[in-house]
Amino acid sequence: MLISEIFYSIQGEGELTGVPSVFVRTSGCNLRCSWCDTKYASWKPEGDQIDIDQILTEVRKFPAKHCVVTGGEPMVAKGIHELMAALRQEGYHLTIETAATVSPVGIECDLASLSPKLSNSSPDPGEVGDGWAEKHEELRLQPDIIREWINHYPFQLKFVVAGAGDLDEIKALVAGLGEDVPPHKVLLMPEGNTADKTREHENTLIDICRDNGYRYCRRLHLDLFGNARGT
Ligand code: SF4
């Protein structure tokens with residue numbers, strides 16, 4: 001598998017914020033979000049081809065009980081089902097961070113951290129090239145696939161929010177799923193690659209969360225480490 005990085009840190013986002021975790025970042029993505037903060041694993045995928053045994057050897061070096069498989073988009077990584085099954089054998093609590101555009105088909109997972117992409121993610125066609133802007137628009141929201149994930153796994157629905165104007169889109173998407181999604185399972189995360197930038201959106205998001213029962217999702221790793229690889 002093409003692996004961008006394996007590192008030990010604390011979870012910076014979502015329900016498990018603060019939990020020491022080993023992160024496995026696959027490289028490669030089927031989307032091209034304008035504000036992507038891991039372009040080295042998506043727009044310009046970098047990394048090394050590493051087999052599952054080698055990945056396990058690296059992961060075992062850390063004293064973590066929790067493992068977060070992220071990307072890029074881990075669900076497009078060749079061998080992802082085998083990797084998750086192998087990590088399951090090792091006894092880890094498994095989180096998968098995915099944009100929920102690919103069906104889970106029975107993948108091993110304890111927390112599906114689903115991050116469907118709103119229209120604020122759309123890239124500038126001139127910047128991304130090769131028809132990626134159109135591909136991104138066609139693929140970024142897959143309600144049937146989101147439904148499949150939330151019906152089979154413990155989940156959280158994380159949205160990157162760039163402003164109050166995103167609220168209608170979030171409400172329409174959640175309502176359109178036609179499923180019982182408790183509001184506290186909907187996490188709003190401020191857009192931004194730096195702690196200062198995310199704070200610009202903070203008050204707006206907190207007001208939206210208070211009004212709708214959604215959960216405010218701070219990006220703790222930006223506060224603690226900045227936008228740095230391996231954190
Ligand atoms: S889905 Fe995630 S990794 Fe892929 S481009 Fe969007 S933010 Fe980046």
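**Entry 1, ground rules.** I am working with a predicted model, where local features need pLDDT of at least 70 and side-chain atom pairs count only at pLDDT 80 or more, while totals for chains, interfaces and linings use all residues. Residues are numbered from 1 along each chain as its sequence is written, and side-chain values use heavy atoms, with hydrogens and water left out.

I took helices (H or I, at least four residues) and strands (E, at least two) as DSSP runs, numbered from the N terminus. For burial I used relative accessible area with a 1.4 Å probe and protein chains only: buried is under 20%, exposed is over 50%, and partly exposed lies in between. Which residues of H6 are buried? In this helix, residues 167-177, I found Leu 167, Ile 170, Leu 173, Val 174 and Leu 177. They sit on the same side of H6 because they cover an arc of only 135° around the axis, the arc being that of the directions from the helix axis to the C-beta atoms. On the other side I noted Asp 168, Ala 172, Ala 175 and Gly 176 as exposed.

What do the buried residues of H6 pack against? Counting contact as heavy atoms within 4.5 Å, I listed helix H5 (143-152), strand E7 (155-161), strand E8 (186-190) and helix H7 (195-212). Just after H6, I also spotted Gly 178 with a positive phi of about 65°.

My rule was a side-chain nitrogen of Lys or Arg within 4 Å of a carboxyl oxygen of Asp or Glu. That gave me eleven salt bridges.

I looked up Lys 185 and Glu 15, whose side chains meet at 3.1 Å, N to O. This pair links distant parts of the chain, 170 residues apart: Lys 185 is in the loop between H6 and E8, and Glu 15 is in the loop between strand E1 (2-10) and strand E2 (20-26). Lys 185 counts as buried at 19%, whereas Glu 15 is partly exposed at 28%.

Glu 97 bridges to Lys 158, with the closest N and O atoms 2.9 Å apart. Glu 97 lies in strand E5 (residues 93-98) and Lys 158 in strand E7, 61 residues apart. Are they buried or exposed? Glu 97 is buried at 12%, and Lys 158 is buried at 2%.

Arg 210 forms a salt bridge with Asp 207 at 2.8 Å between the closest N and O atoms. Both lie in helix H7, three residues apart, about one turn of the helix. Arg 210 is exposed at 63%, and Asp 207 is partly exposed at 39%.
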